[in-house]
Amino acid sequence: MRILLVEDDVEVARFVKKGLQEAGHTVEHAANGRDGLFLAASEGFDVLVLDRMLPGGVDGVRLVETLRGQGNRCPVLFLSALTAVDERVKGLKAGGDDYLTKPFAFAELLARVEALGRRPSAEVPTTRLKVADLELDLLSRTVTRAGRKIEVQPREFRLLEHLMRHAGQVVTRTMLLEKVWDYHFDPQTNVIDVHVSRLRHKLDKGFDKPLIHTVRNAGYMIRAQA
């Protein structure tokens, strides 16, 4: 398999890379999150082995969230000294497939990596989202409804993308704060309501069927019918 190892600890990286290569695998190594994200997003790998805490402004969780947001479904094994249950859950919820805590036995790491590599191939990444006559192109970063281009700001694009990825489901304010604004606390402002109102005005004005709906005391939902 072709494996990407993203690990900033020189000794750990050397140990893991050597072991994987001796087991017959090809290994690329990145020493920080920014380089790891660039490689993972631009090249094809069978498995990612990823440290949670990384330098370079992009930690392991953010790296995986970004990849998953781009539709990249490459299996990810987290390596981490963060052993608390909450930390393991955070890594898995971000899009990780497995989580191995440090210190670890190489035999177990190899078994987990090869198990991930045996999983069926992921589907072709989605580059376009559609709900009714509304389309969002993830590559060109454009939004159209019924063929008419709609100008949206970057934050509005992220908001709409998250809603469309969960079409037909209630998306809570907490979810939007975390995924769109990168807040892990409630800032006690109406920032979400303001952005949703602007987005609703842009998407629904001039059309008979509204797409964005407020679910009382719960959050928001985008769906084809009222």
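I took buried to mean under 20% relative accessible area, exposed to mean over 50%, and partly exposed to mean in between, with a 1.4 Å probe and protein chains only. The model I examined is predicted, so local features need pLDDT of at least 70 and side-chain atom pairs count only at pLDDT 80 or more, while totals for chains, interfaces and linings use all residues. Residues are numbered from 1 along each chain as its sequence is written, and side-chain values use heavy atoms, with hydrogens and water left out.

**Entry 1: the chain**

I looked up the secondary structure of the protein chain and found 8 helices and 12 strands; these are DSSP runs numbered from the N terminus, helices being H or I of at least four residues and strands E of at least two. The C-alpha trace spans about 65 × 35 × 25 Å along its principal axes. Of the 226 residues, 41% are buried. I then turned to contacts (heavy atoms within 4.5 Å). Among those with a separation of 6 or more, 56% join residues 24 or more positions apart.

**Entry 2: residues 2-117**

I consulted UniProt, where an unreviewed entry places the feature "domain: Response regulatory" at residues 2-117; its positions are given in the numbering used here, feature names are shortened, and annotations may be inferred rather than shown by experiment. I find this span to be 47% helix and 21% strand, with its end C-alpha atoms 10 Å apart.

I followed strand 1 (residues 2-6) to strand 2 (residues 26-30): the two run parallel and are joined by 5 bridges. Two strands pair if DSSP finds at least two bridges between them. Leu4 stands opposite Glu28 of strand 2. With helix 1 (residues 10-22), these strands make a right-handed β-α-β unit; right-handed here means that, with the strands pointing away from the viewer, the path from the first strand over the helix to the second runs clockwise.

**Entry 3: Asn72 and Pro75**

Are Asn72 and Pro75 buried or exposed? Asn72 counts as buried because its relative accessibility is 17%, and Pro75 counts as buried at 15%. I located Asn72 in the loop between helix 3 (60-69) and strand 4 (76-80), and Pro75 lies in the loop between helix 3 and strand 4. Leaving aside residues up to four places away in sequence, Asn72 touches Ala40 and Leu67. With its neighbours within four places set aside, Pro75 is in contact with residues including Asp46, Asp97 and Leu116.

I traced an open sheet of 3 strands in the order 10-12-11, with antiparallel pairing. Strand 10 (171-172) and strand 11 (212-215) are at the edges with a single partner strand each, so one side of each has no neighbour in the sheet. Strand 11 is joined to strand 12 (residues 219-222) by 4 bridges, and Ile212 has Ile222 as its bridge partner in strand 12. Helix 8 (residues 191-204) packs on the sheet, touching strand 11 and strand 12, and its direction makes about 145 degrees with that of strand 11. Helix 6 (residues 154-165) lies across strands 10, 11 and 12, at about 75 degrees to strand 12. Axes are lines fitted to C-alpha atoms, for helices over the stretch in contact, and angles run from 0 to 180 degrees between N-to-C directions.

**Entry 4: the core**

I looked up the largest nonpolar core, which has 26 residues; Val143, Leu160 and Ile222 have the most contacts inside it. Such a core is a set of buried Ala, Val, Leu, Ile, Met, Phe, Trp, Tyr and Cys residues joined through side-chain atoms within 4.5 Å. Helix 6 gives the most to this core, with 5 residues. Beyond four places in sequence, Val143 touches residues including Phe157, Leu160 and Leu203.
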